[in-house]
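Subject: A structure to look through, with notes

Dear colleague,

Please find below the structure that I promised to pass on to you.

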Amino acid sequence: MTAKIKKGDNVVVLSGKDKGKNGKVLKIIKSKTDFRIKAIVEGVNVVKKHTKQSATSKGGIESKELPVYLCKLSIVDPKTSKPTRVGIKTLEDGKKVRYAKKSGETLN
């Protein structure tokens with residue numbers, strides 16, 4: 001089965017406090033208990049984390065990205081740079097390929 005959104009894809013946030021922001025998917029998180037899949041996106045849903053000093057790390061305030069549900073994300077069309085839905089088509093050699101529904105452009 002081919003996933004609609006993968007690590008390394010450029011996505012745009014559709015709803016929430018970061019609506020309209022673009023970023024690259026850094027990690028996909030699949031949960032065993034929750035059926036909704038989450039993704040960590042570069043520069044989206046950033047929070048400040050206060051950390052205590054330890055032997056291995058320096059303390060202070062760090063910024064980190066928290067996960068976002070995949071239903072709030074949409075892939076950016078490579079041709080038009082606008083959000084698009086993703087389709088999956090099978091080539092004649094039996095290989096499955098993702099494509100942008102708006103422009104028909106294939107995604108890596």
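Let me begin with Asn45, which is buried because its relative accessible area is 17%, where buried means under 20% relative accessible area, exposed over 50% and partly exposed in between, with a 1.4 Å probe and protein chains only. Before going on, please note that this is a predicted model, in which local features need pLDDT of at least 70 and side-chain atom pairs count only at pLDDT 80 or more, while totals for chains, interfaces and linings use all residues. Residues are numbered from 1 along each chain as its sequence is written, and side-chain values use heavy atoms, with hydrogens and water left out.

Asn45 is found in the loop between β3 (38-41) and β4 (46-51), where strands (E, at least two residues) and helices (H or I, at least four residues) are DSSP runs numbered from the N terminus. Although Asn45 is not a glycine, it has a positive phi of about 60 degrees. This deserves a second look because most residues other than glycine have a negative phi. Ser81 also has a positive phi of about 60 degrees without being a glycine, and it is found in the loop between β7 and β8 (83-84). Ser81, however, is exposed, since its relative accessible area is 55%.

Asn45 leads us to Asp18, because leaving aside neighbours within four places in sequence, Asp18 is in contact (heavy atoms within 4.5 Å) with Val13, Val44, Asn45 and Val46. Asp18 is found in the loop between β1 (10-13) and β2 (22-29), and it counts as buried because its relative accessibility is 10%. Lys19 lies in the loop between β1 and β2 as well, but at 61% relative accessibility Lys19 counts as exposed. Not counting residues up to four places away in sequence, Lys19 touches Val13 and Leu14.

Leu91 has its place in the loop between β9 (86-90) and β10 (96-100).

As for the whole chain, it has eleven strands and zero helices. Its C-alpha atoms fill a box of roughly 55 × 30 × 25 Å, taken along the principal axes, and buried residues make up 25% of its 108 residues.

Finally, what lines the second largest pocket? Its lining consists of Lys7, Gly8, Asp9, Asn10, Ile75, Val76, Pro78, Arg98, Thr106, Leu107 and Asn108. Here a pocket is an open set of points on a 1 Å grid over the protein atoms alone, where a 1.4 Å probe fits, with protein on both sides within 12 Å along at least five of seven lines, and lining residues have an atom within 4 Å of a point. The elements that give two or more residues to this lining are β7 (73-76) and β11 (106-107). The pocket has a volume of about 200 Å³, a volume being the space filled by probe spheres set on the points, which are joined across faces, edges and corners.
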